[in-house]
Amino acid sequence: MREDGMVCVTGHGVPSATIEGMEASATDFFGLPEATKRGFGTPDVYGPEGYTARGVESVARSNDQGKSKEAADVVESFTFASRTSCDRPALAGLDPLVCARAQTYWDEMIRVLDALHGITTLSFNLSRYFFEQFYRRANDASFVVRLAHYPAYNLTNGVLPYGRHTDYLTFTILRATQPGLQLEKRDGSFVDVLPVPDAFVVNAGDLTELWTNGVWRSAPHRVVPVPTDANPNVSAERCAIAFFTGPSEAAVITPILHPGDEPKFDGVAAGDWLRIKIGATTVVDDDTPDGGVLPVCDDDNAQRLSY
Ligand SMILES: O=C(O)CCC(=O)C(=O)O
Ligand SMILES: [Fe+2]
(Lines give C-alpha, C1' and ligand atoms only; values in the text may rest on other atoms or scores of the structure.)
(Ligands and ions follow the chains in the order given, each with its own letter.)
Protein backbone atom coordinates (compact mmCIF):
# COMPACT_ATOMS: atom_id res chain seq x y z
CA MET A 1 0.00 0.00 0.00
CA ARG A 2 2.83 2.42 0.76
CA GLU A 3 4.78 1.75 -2.40
CA ASP A 4 2.11 0.86 -4.95
CA GLY A 5 -1.29 1.57 -3.40
CA MET A 6 -2.40 -1.78 -4.75
CA VAL A 7 -2.30 -5.30 -3.31
CA CYS A 8 -3.42 -8.78 -4.28
CA VAL A 9 -5.77 -10.37 -1.73
CA THR A 10 -6.14 -14.13 -1.41
CA GLY A 11 -7.61 -16.19 1.42
CA HIS A 12 -10.61 -13.84 1.52
CA GLY A 13 -13.15 -16.61 1.94
CA VAL A 14 -15.52 -15.35 -0.74
CA PRO A 15 -17.09 -18.51 -2.20
CA SER A 16 -16.17 -19.21 -5.83
CA ALA A 17 -19.86 -19.66 -6.58
CA THR A 18 -20.57 -16.08 -5.47
CA ILE A 19 -17.85 -14.70 -7.72
CA GLU A 20 -18.81 -16.90 -10.65
CA GLY A 21 -22.47 -15.96 -10.21
CA MET A 22 -21.64 -12.25 -10.46
CA GLU A 23 -19.43 -12.89 -13.48
CA ALA A 24 -22.21 -14.85 -15.15
CA SER A 25 -24.61 -11.98 -14.46
CA ALA A 26 -22.23 -9.58 -16.17
CA THR A 27 -21.96 -11.84 -19.19
CA ASP A 28 -25.74 -12.25 -19.37
CA PHE A 29 -26.55 -8.57 -18.92
CA PHE A 30 -24.03 -7.20 -21.42
CA GLY A 31 -25.18 -9.81 -23.92
CA LEU A 32 -28.65 -8.21 -24.00
CA PRO A 33 -29.62 -6.02 -26.97
CA GLU A 34 -28.45 -2.42 -26.62
CA ALA A 35 -32.04 -1.12 -26.57
CA THR A 36 -32.89 -3.39 -23.64
CA LYS A 37 -29.79 -2.38 -21.71
CA ARG A 38 -30.63 1.29 -22.25
CA GLY A 39 -33.92 0.71 -20.45
CA PHE A 40 -32.16 0.46 -17.09
CA GLY A 41 -31.26 3.76 -15.45
CA THR A 42 -29.67 6.72 -17.24
CA PRO A 43 -27.59 5.26 -20.11
CA ASP A 44 -26.15 8.61 -21.23
CA VAL A 45 -24.73 9.65 -17.87
CA TYR A 46 -22.05 7.97 -15.82
CA GLY A 47 -22.60 7.91 -12.09
CA PRO A 48 -26.14 7.06 -11.07
CA GLU A 49 -27.63 3.63 -10.91
CA GLY A 50 -28.00 1.22 -13.82
CA TYR A 51 -26.60 1.09 -17.31
CA THR A 52 -24.06 3.48 -18.85
CA ALA A 53 -23.60 3.04 -22.59
CA ARG A 54 -20.32 2.89 -24.43
CA GLY A 55 -18.95 6.32 -25.39
CA VAL A 56 -20.40 8.08 -22.32
CA GLU A 57 -17.63 7.84 -19.72
CA SER A 58 -14.12 9.23 -19.94
CA VAL A 59 -12.57 8.33 -16.61
CA ALA A 60 -9.31 10.16 -17.36
CA ARG A 61 -11.23 13.43 -17.24
CA SER A 62 -11.52 12.92 -13.48
CA ASN A 63 -7.85 13.88 -13.19
CA ASP A 64 -8.36 17.52 -14.19
CA GLN A 65 -12.11 18.16 -14.00
CA GLY A 66 -12.48 17.44 -17.69
CA LYS A 67 -10.17 20.20 -18.96
CA SER A 68 -8.12 17.76 -21.01
CA LYS A 69 -11.13 16.45 -22.97
CA GLU A 70 -9.69 12.92 -23.00
CA ALA A 71 -11.39 10.42 -25.33
CA ALA A 72 -14.29 8.30 -24.13
CA ASP A 73 -13.37 4.91 -22.70
CA VAL A 74 -14.24 1.78 -24.66
CA VAL A 75 -16.50 0.48 -21.92
CA GLU A 76 -20.12 -0.02 -21.02
CA SER A 77 -21.03 -0.50 -17.38
CA PHE A 78 -23.77 -1.32 -14.94
CA THR A 79 -23.89 0.16 -11.46
CA PHE A 80 -25.67 -1.15 -8.38
CA ALA A 81 -25.60 1.90 -6.14
CA SER A 82 -27.11 0.15 -3.14
CA ARG A 83 -27.74 -3.35 -1.88
CA THR A 84 -31.40 -2.91 -2.73
CA SER A 85 -30.96 -1.17 -6.09
CA CYS A 86 -33.29 -3.64 -7.75
CA ASP A 87 -36.22 -2.32 -5.68
CA ARG A 88 -35.98 1.04 -7.41
CA PRO A 89 -38.14 1.87 -10.45
CA ALA A 90 -35.05 2.60 -12.59
CA LEU A 91 -34.06 -1.06 -12.43
CA ALA A 92 -37.54 -2.59 -12.62
CA GLY A 93 -37.52 -5.60 -14.91
CA LEU A 94 -33.92 -6.60 -14.28
CA ASP A 95 -33.52 -10.37 -14.13
CA PRO A 96 -34.24 -11.36 -10.48
CA LEU A 97 -31.29 -13.76 -10.62
CA VAL A 98 -28.94 -10.87 -11.46
CA CYS A 99 -30.40 -8.93 -8.52
CA ALA A 100 -30.04 -11.85 -6.10
CA ARG A 101 -26.46 -12.49 -7.15
CA ALA A 102 -25.60 -8.82 -6.74
CA GLN A 103 -26.93 -8.85 -3.16
CA THR A 104 -24.93 -11.96 -2.29
CA TYR A 105 -21.82 -10.42 -3.82
CA TRP A 106 -22.46 -7.17 -1.97
CA ASP A 107 -22.61 -8.93 1.41
CA GLU A 108 -19.34 -10.72 0.74
CA MET A 109 -17.65 -7.47 -0.28
CA ILE A 110 -18.76 -5.80 2.97
CA ARG A 111 -17.15 -8.69 4.84
CA VAL A 112 -13.88 -8.24 2.92
CA LEU A 113 -14.05 -4.50 3.54
CA ASP A 114 -14.43 -5.08 7.28
CA ALA A 115 -11.21 -7.10 7.17
CA LEU A 116 -9.47 -4.33 5.22
CA HIS A 117 -10.60 -1.79 7.76
CA GLY A 118 -9.33 -4.05 10.54
CA ILE A 119 -5.91 -4.23 8.89
CA THR A 120 -5.94 -0.46 8.44
CA THR A 121 -6.73 0.21 12.09
CA LEU A 122 -3.85 -2.05 13.12
CA SER A 123 -1.48 -0.38 10.66
CA PHE A 124 -2.27 3.12 11.87
CA ASN A 125 -2.74 2.33 15.55
CA LEU A 126 -6.43 3.29 15.54
CA SER A 127 -9.35 2.04 17.57
CA ARG A 128 -10.78 -1.18 16.09
CA TYR A 129 -14.01 0.72 15.48
CA PHE A 130 -12.46 3.83 13.98
CA PHE A 131 -14.17 3.45 10.61
CA GLU A 132 -17.63 2.67 11.98
CA GLN A 133 -18.54 6.29 12.59
CA PHE A 134 -17.73 7.23 9.00
CA TYR A 135 -19.45 4.31 7.30
CA ARG A 136 -22.18 2.78 9.38
CA ARG A 137 -23.73 5.31 11.68
CA ALA A 138 -25.46 7.31 8.95
CA ASN A 139 -26.01 4.14 6.95
CA ASP A 140 -25.39 5.96 3.68
CA ALA A 141 -21.82 4.97 2.96
CA SER A 142 -20.79 5.04 -0.70
CA PHE A 143 -20.74 1.42 -1.73
CA VAL A 144 -21.14 0.52 -5.39
CA VAL A 145 -20.92 -2.70 -7.38
CA ARG A 146 -19.88 -1.81 -10.91
CA LEU A 147 -19.89 -4.35 -13.71
CA ALA A 148 -17.70 -3.24 -16.60
CA HIS A 149 -17.63 -4.70 -20.09
CA TYR A 150 -14.84 -3.73 -22.45
CA PRO A 151 -15.93 -4.90 -25.90
CA ALA A 152 -13.54 -6.05 -28.56
CA TYR A 153 -12.50 -3.11 -30.75
CA ASN A 154 -10.16 -2.17 -33.55
CA LEU A 155 -6.86 -0.80 -32.31
CA THR A 156 -6.68 2.03 -34.77
CA ASN A 157 -6.57 5.33 -32.94
CA GLY A 158 -4.93 4.67 -29.63
CA VAL A 159 -7.96 4.95 -27.36
CA LEU A 160 -7.88 2.89 -24.17
CA PRO A 161 -10.51 0.56 -22.78
CA TYR A 162 -10.27 2.63 -19.57
CA GLY A 163 -8.05 5.69 -19.18
CA ARG A 164 -5.51 6.47 -16.49
CA HIS A 165 -7.12 7.54 -13.22
CA THR A 166 -7.09 7.12 -9.47
CA ASP A 167 -10.16 5.79 -7.68
CA TYR A 168 -12.11 8.48 -5.95
CA LEU A 169 -12.91 7.20 -2.48
CA THR A 170 -11.29 4.63 -0.14
CA PHE A 171 -10.77 0.95 -1.05
CA THR A 172 -11.72 -0.67 -4.37
CA ILE A 173 -12.05 -4.47 -4.39
CA LEU A 174 -11.58 -5.56 -7.98
CA ARG A 175 -12.13 -8.85 -9.74
CA ALA A 176 -11.00 -9.44 -13.31
CA THR A 177 -9.98 -12.66 -14.97
CA GLN A 178 -8.35 -11.27 -18.07
CA PRO A 179 -5.18 -9.18 -18.40
CA GLY A 180 -5.32 -5.49 -19.30
CA LEU A 181 -5.08 -3.69 -15.94
CA GLN A 182 -1.89 -1.69 -15.44
CA LEU A 183 -0.54 0.09 -12.36
CA GLU A 184 1.49 3.28 -12.63
CA LYS A 185 4.54 2.97 -10.41
CA ARG A 186 5.98 5.93 -8.53
CA ASP A 187 8.56 6.47 -11.30
CA GLY A 188 5.78 6.90 -13.86
CA SER A 189 6.26 3.54 -15.59
CA PHE A 190 3.30 1.18 -16.03
CA VAL A 191 3.35 -2.48 -15.03
CA ASP A 192 0.82 -5.20 -15.85
CA VAL A 193 -1.38 -6.38 -13.01
CA LEU A 194 -2.07 -9.88 -14.23
CA PRO A 195 -5.05 -11.81 -12.88
CA VAL A 196 -4.30 -14.24 -10.07
CA PRO A 197 -6.77 -17.15 -9.72
CA ASP A 198 -9.22 -16.72 -6.82
CA ALA A 199 -7.73 -13.37 -5.86
CA PHE A 200 -8.99 -9.82 -5.68
CA VAL A 201 -6.95 -6.75 -6.46
CA VAL A 202 -7.45 -4.12 -3.77
CA ASN A 203 -6.37 -0.58 -4.38
CA ALA A 204 -6.44 2.50 -2.22
CA GLY A 205 -8.31 5.54 -3.50
CA ASP A 206 -7.90 9.28 -3.07
CA LEU A 207 -9.59 9.42 0.33
CA THR A 208 -7.39 6.60 1.64
CA GLU A 209 -4.37 8.65 0.66
CA LEU A 210 -5.83 11.73 2.32
CA TRP A 211 -6.87 9.82 5.44
CA THR A 212 -3.43 8.24 5.85
CA ASN A 213 -1.74 11.60 5.24
CA GLY A 214 -0.07 10.23 2.12
CA VAL A 215 1.37 7.09 3.73
CA TRP A 216 -0.81 4.81 1.59
CA ARG A 217 -0.94 5.74 -2.03
CA SER A 218 -3.92 6.36 -4.29
CA ALA A 219 -2.64 4.27 -7.16
CA PRO A 220 -2.98 5.58 -10.72
CA HIS A 221 -4.06 2.75 -13.01
CA ARG A 222 -5.61 2.14 -16.41
CA VAL A 223 -6.84 -0.65 -18.67
CA VAL A 224 -4.91 -1.19 -21.89
CA PRO A 225 -5.97 -3.22 -24.90
CA VAL A 226 -4.75 -6.80 -25.16
CA PRO A 227 -4.62 -7.92 -28.79
CA THR A 228 -6.33 -11.19 -29.61
CA ASP A 229 -4.31 -14.15 -30.85
CA ALA A 230 -6.36 -14.19 -34.03
CA ASN A 231 -5.85 -10.54 -34.92
CA PRO A 232 -3.20 -8.24 -33.45
CA ASN A 233 -5.28 -5.22 -34.46
CA VAL A 234 -8.26 -6.21 -32.33
CA SER A 235 -8.40 -5.89 -28.58
CA ALA A 236 -9.86 -8.86 -26.71
CA GLU A 237 -13.16 -8.48 -24.92
CA ARG A 238 -12.90 -8.17 -21.13
CA CYS A 239 -15.08 -7.92 -18.04
CA ALA A 240 -14.36 -6.64 -14.55
CA ILE A 241 -16.32 -6.32 -11.33
CA ALA A 242 -15.40 -3.47 -9.01
CA PHE A 243 -16.72 -2.88 -5.51
CA PHE A 244 -16.06 0.76 -4.72
CA THR A 245 -16.16 1.80 -1.10
CA GLY A 246 -16.23 5.14 0.62
CA PRO A 247 -17.57 6.89 3.68
CA SER A 248 -20.93 8.61 4.06
CA GLU A 249 -21.36 11.65 1.84
CA ALA A 250 -21.36 14.03 4.78
CA ALA A 251 -18.30 12.53 6.45
CA VAL A 252 -15.44 15.02 6.50
CA ILE A 253 -12.15 13.20 6.01
CA THR A 254 -9.04 14.75 7.50
CA PRO A 255 -5.56 13.25 7.77
CA ILE A 256 -4.96 10.88 10.68
CA LEU A 257 -1.98 12.41 12.46
CA HIS A 258 0.43 10.92 14.92
CA PRO A 259 2.67 13.01 17.17
CA GLY A 260 5.04 15.05 15.04
CA ASP A 261 3.05 14.67 11.79
CA GLU A 262 2.16 17.71 9.72
CA PRO A 263 -1.04 17.43 7.65
CA LYS A 264 -0.32 17.16 3.95
CA PHE A 265 -3.94 17.64 2.87
CA ASP A 266 -6.96 19.75 3.78
CA GLY A 267 -10.07 17.92 4.91
CA VAL A 268 -12.88 17.26 2.45
CA ALA A 269 -16.45 15.98 2.66
CA ALA A 270 -16.53 12.60 0.92
CA GLY A 271 -19.64 13.50 -1.12
CA ASP A 272 -18.12 16.77 -2.33
CA TRP A 273 -14.98 14.97 -3.51
CA LEU A 274 -16.99 12.29 -5.30
CA ARG A 275 -19.08 14.90 -7.11
CA ILE A 276 -16.02 16.85 -8.23
CA LYS A 277 -14.37 13.72 -9.63
CA ILE A 278 -17.33 11.95 -11.17
CA GLY A 279 -18.96 15.11 -12.46
CA ALA A 280 -16.21 15.58 -15.03
CA THR A 281 -16.35 12.12 -16.54
CA THR A 282 -19.50 12.15 -18.66
CA VAL A 283 -18.78 12.90 -22.33
CA VAL A 284 -21.41 15.20 -23.84
CA ASP A 285 -22.26 15.98 -27.47
CA ASP A 286 -20.44 19.28 -27.67
CA ASP A 287 -17.19 17.80 -26.42
CA THR A 288 -14.14 17.53 -28.65
CA PRO A 289 -14.73 15.10 -31.54
CA ASP A 290 -12.58 12.33 -30.13
CA GLY A 291 -14.80 12.23 -27.07
CA GLY A 292 -17.73 10.87 -29.01
CA VAL A 293 -16.06 8.90 -31.77
CA LEU A 294 -15.03 5.39 -30.94
CA PRO A 295 -13.49 2.67 -33.05
CA VAL A 296 -16.08 0.26 -34.24
CA CYS A 297 -16.09 -3.25 -32.89
CA ASP A 298 -15.16 -5.70 -35.60
CA ASP A 299 -17.72 -8.42 -35.02
CA ASP A 300 -15.93 -10.91 -37.24
CA ASN A 301 -12.89 -10.77 -35.03
CA ALA A 302 -14.58 -10.26 -31.71
CA GLN A 303 -13.75 -12.92 -29.17
CA ARG A 304 -16.51 -14.47 -27.16
CA LEU A 305 -16.51 -13.32 -23.60
CA SER A 306 -15.38 -16.19 -21.47
CA TYR A 307 -14.87 -16.56 -17.77
O1 LIG B 1 -11.25 -3.11 -15.34
C2 LIG B 1 -10.38 -3.04 -14.50
O3 LIG B 1 -9.60 -3.97 -14.28
C4 LIG B 1 -10.19 -1.78 -13.68
C5 LIG B 1 -11.37 -0.85 -13.70
C6 LIG B 1 -11.14 0.37 -12.88
O7 LIG B 1 -10.05 0.83 -12.71
C8 LIG B 1 -12.28 1.03 -12.26
O9 LIG B 1 -13.43 0.61 -12.50
O10 LIG B 1 -12.05 1.99 -11.50
FE1 LIG C 1 -10.10 2.33 -11.11
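The sections below take these topics in turn.

## Basis of the model

The model is predicted: local features need pLDDT of at least 70, side-chain atom pairs count only at pLDDT 80 or more, and totals for chains, interfaces and linings use all residues. Residues are numbered from 1 along each chain as its sequence is written, chains are lettered from A and ligands numbered from 1 in the order in which they are written, and side-chain values use heavy atoms, without hydrogens and water.

## Surroundings of ligand 1

The shell around ligand 1 consists of Arg146, Tyr150, Tyr162, His165, Asp167, Leu174, Leu181, His221, Val223, Arg238, Ala240 and Phe244; a residue belongs to it if one of its heavy atoms lies within 4 Å of the ligand. By class, 7 of these residues are nonpolar, 2 polar and 3 charged. In this scheme Ala, Val, Leu, Ile, Met, Phe, Trp, Tyr, Cys and Pro are nonpolar, Asp, Glu, Lys and Arg charged, and the others, Gly among them, polar.

The distance is 2.6 Å for Tyr150, 2.8 Å for Arg238 and 3.2 Å for His165. The protein covers 97% of the 290 Å² of accessible area that ligand 1 has on its own, by the Shrake-Rupley method with a 1.4 Å probe.

Two or more shell residues come from each of β4 (141-150), β6 (162-165), β11 (221-223) and β13 (238-248). Strand β13 gives the largest share, 3 residues. Strands (E, at least two residues) and helices (H or I, at least four) are DSSP runs, numbered from the N terminus.

## Helix α3

Helix α3 covers residues 96-123; its 28 residues should span 40 Å at 1.5 Å a residue, and the end C-alpha atoms are 41 Å apart, which agrees. The expected span is 1.5 Å times one less than the number of residues.

At the N-terminal end, Asp95 caps α3 through a side-chain oxygen 2.9 Å from the backbone nitrogen of Leu97. Just after the helix, Asn125 has a positive phi of about 60°.

## Positive phi in loops

Asp198, although not a glycine, has a positive phi of about 65°. This residue is in the loop between β9 (190-192) and β10 (200-204).

Asn213, also a residue other than glycine, has a positive phi near 55°. The loop that holds Asn213 runs between α5 (206-211) and β11.

Terms used
Polar contact = N/O pair within 3.5 Å; in protein donor to acceptor, adjacent residues only side chain to side chain.
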